[in-house]
Amino acid sequence: MSKVAGKKRILELRDLLDRANRAYYVEHQPTMPDSEYDALLRELVKLENAHPELFDPDSPSQRVGGEPIKGFKTVRHRAPMMSIDNTYSIEDLHAWHERVLKGLKGETDEGVSNGDCPLRFVCDPKIDGVAVSLRYERGALAVAVTRGDGERGDDVTAQVRTIRAIPLGLHADRRSPPTVLEVRGEIFMPHEEFELINAHRRKASEAEFANARNATAGTLKNLDPKVVAERRLSFVAHGKGEVVGMDDVKTFSTFLSRLREFGVPVSPLAKRCETFDEVVATIESFRHTRADLGYGVDGMVVRLDRFDLQEQLGATSKAPRWCIAFKYPAEQGETILKAVDWQVGKGGTLTPRATMEPIFLAGTTIQHATLHNIEEIQRKDIRLGDVVVIEKAGDIIPQVVRPVVRKRTGRQRRITPPRRCPSCGGGVEPEGPKLYCVNPECPAQFREKLKWFVGRGQMDIAGLGEKLIDQLVDVGLLEHFADLFSLSKKRDRLLDVLEKQDKKDPTKRPEKLVDNLINGIENAKDRGLARVLAGLGIRHVGTTTARQLARTFPDINALLNADVEELMPKALKKLDAVRYGFPEDPKHRPETGLGKETGPAVHSYLHSAQARETFRLLKMAGVDLISKDYKRQVPEIESPFAGKTVVLTGTLETFTRTKLTETLEALGAKVTGSISKNTDLVIAGENPGSKLLRAKELGIETWDEAKLTTALAES
């Protein structure tokens with residue numbers, strides 16, 4: 001094909017695909033089947049590859065996703081993304097209406113009328129998805145940000161650009177786009193796509209998503225936009241943020257119409273109501289039809305139509321006064337509880353899952369439901385064999401509400417918690433209402449904990465990313481933490497994995513990658529006891545506690561032989577100061593950071609067969625389990641940090657978090673991760689977040705990096 005013909009066909013294909021997207025997502029009138037769309041898209045990609053000079057970042061071909069991003073950047077919203085108050089009864093809805101009228105200083109709808117624009121409302125289905133703000137500048141999508149805490153969210157632009165429902169540019173036949181348009185809306189996953197994804201995950205022996213909303217959130221949080229592109233998410237607009245250049249739009253209903261003109265999807269079920277009685281009738285009517293939709297809807301948002309009246313009513317500190325979300329009660333049904341299985345989460349939490357006689361509820365057949373935790377089971381007195389009432393919480397997550405006691409036959413049996421982990425057979429410890437497996441090498445937790453173990457703040461093994469760890473676990477090269485340190489003996493198999501990973505990129509040299517990885521692993525063997533303890537993911541043992549334990553005990557043998565009292569702060573103050581090499585001043589004596597509840601839990605793990613096997617294998621693999629922090633003296637020189645509790649927040653240019661922590665602790669400071677009334681000093685870098693605000697509320701002294709550098713130079 002000639003260059004001229006190629007260009008003509010590329011422009012034709014782009015127009016066809018853009019029109020198809022608009023017809024499907026905005027006009028709800030599909031013009032072609034998915035198979036035809038995909039064929040045209042493949043043709044476009046092929047032509048664009050042949051004519052790179054015609055590259056266009058807004059081409060439909062760019063929705064397949066680019067290279068993985070390194071992480072999410074936090075962005076402040078120009079206008080806050082507030083939450084909406086909920087109501088669950090028509091009576092409460094009437095009460096809200098009365099508050100609206102009172103706030104507008106009118107006793108009737110006519111009391112706040114203004115010529116031919118009376119008090120009207122808009123009812124809009126409340127889709128259960130992930131809230132996002134899309135910012136268009138001069139018609140082009142500039143940035144997409146999640147709701148976050150309402151003030152700040154994550155920049156997910158790379159992910160959002162792959163979603164076909166979201167236009168990359170605003171186009172209208174007779175209208176120019178505004179200078180700035182922030183569209184607030186919901187990204188969601190249709191039921192059909194959710195079921196398809198879970199079917200693939202079952203086939204691949206991967207954990208299924210609990211519900212469509214979780215699947216949507218997890219998809220948007222994926223650092224690889226290609227994954228987002230593969231999962232066919234959708235979008236519907238339901239509000240606005242900052243807008244510059246649409247002064248003629250005075251109502252929400254007009255705003256929705258304008259969005260539709262620009263190619264932005266809005267709900268075809270949104271309805272303007274002339275009276276409040278019509279609002280109630282719309283809600284009651286939708287109650288019976290919402291289950292037939294192909295996506296999750298758990299309510300109806302009711303808002304004043306006129307923007308000037310919205311501004312007049314204003315908002316509380318949490319939510320606007322001019323709108324409210326009516327939430328439909330969950331549909332309930334009765335079935336028989338047949339069994340309870342205990343599932344182990346990646347954090348070690350044991351969660352009970354009910355298996356029941358299948359029941360059709362809220363549009364789907366349900367056989368499993370959550371039982372939350374053992375305390376909830378005992379509080380509700382749920383027993384095996386019970387007839388139970390179940391419902392979908394928010395029409396998404398099935399849960400057991402209560403047993404039907406009057407239908408008991410006497411054959412029901414009480415549910416008892418497991419004494420051993422159902423995945424690894426390791427010990428189980430209670431903490432509050434929950435149960436935890438205390439074995440870090442439990443197969444149900446191991447993969448995620450291994451990714452933590454190799455991280456920069458722990459064993460710091462460069463080149464071992466999450467994808468490679470998954471591959472090494474899948475092929476059986478990593479079954480224990482210690483297996484990492486034996487990879488040098490399995491160089492050929494490691495090389496084979498890397499060659500398969502990089503076979504599409506001939507510029508990469510797997511041999512060099514293997515050499516670098518093995519060197520990194522060998523270097524990691526000498527990190528010392530504190531890093532090993534922090535990396536294993538032992539419950540209650542984070543970076544700070546691991547370092548305190550390493551100061552207190554000279555090696556792993558001393559730690560494993562310690563009595564439970566020796567792990568407790570009060571007992572440590574009675575220990576012989578000379579034995580631990582610290583000054584006699586009690587405030588300088590070692591503390592592990594473990595208390596009366598956490599100390600026994602850590603002691604129980606350290607004395608378990610699983611723990612001793614873990615440390616035995618690490619030692620055999622050549623990992624140094626001697627403390628590099630033991631007998632570290634508190635400096636006798638004057639230091640502005642001696643005896644102070646310090647919190648670090650934000651990004652520092654000169655220091656890494658780990659190195660600065662070690663430096664401050666060498667100068668007598670105690671570095672912790674959270675702010676409290678006991679905090680003496682906060683050191684804040686760029687983008688410090690909520691910790692800095694909390695410090696200001698408590699009146700805690702705060703230093704910037706420049707003051708820190710000066711103080712360290714003088715110490």
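Let's begin in helix H11 (residues 374–380), where Glu 376 and Lys 380 sit four residues apart, about one turn of the helix. Helices here are DSSP runs of H or I with at least four residues, numbered from the N terminus. The model is predicted, so local features need pLDDT of at least 70 and side-chain atom pairs count only at pLDDT 80 or more, while totals for chains, interfaces and linings use all residues. Residues are numbered from 1 along each chain as its sequence is written, and side-chain values use heavy atoms, leaving out hydrogens and water.

Back to our pair: the side chains of Glu 376 and Lys 380 meet in a salt bridge, 3.3 Å from N to O. A salt bridge means a side-chain nitrogen of Lys or Arg within 4 Å of a carboxyl oxygen of Asp or Glu. Both Glu 376 and Lys 380 are buried (buried is under 20% relative accessible area, exposed is over 50%, and partly exposed lies in between, using a 1.4 Å probe and protein chains only).

Now move to helix H1 (residues 3–25), which holds Asp 15 and Arg 19, four residues apart. Their salt bridge has its closest N and O atoms 2.9 Å apart. Asp 15 is partly exposed because its relative accessibility is 37%, whereas Arg 19 counts as exposed because its value is 56%.

Helix H22 (residues 609–620) brings another pair: Glu 613 and Arg 616 are three residues apart, so about one helical turn separates them. In their salt bridge, the closest N and O atoms are 2.8 Å apart.

Finally, look for a network of salt bridges linking Arg 78, Arg 135, Glu 137, Glu 182, Arg 184 and Glu 242. The count comes to 37 salt bridges.

Notes:
Helix = DSSP H or I, 4+ residues; strand = E, 2+ residues; numbered from the N terminus.
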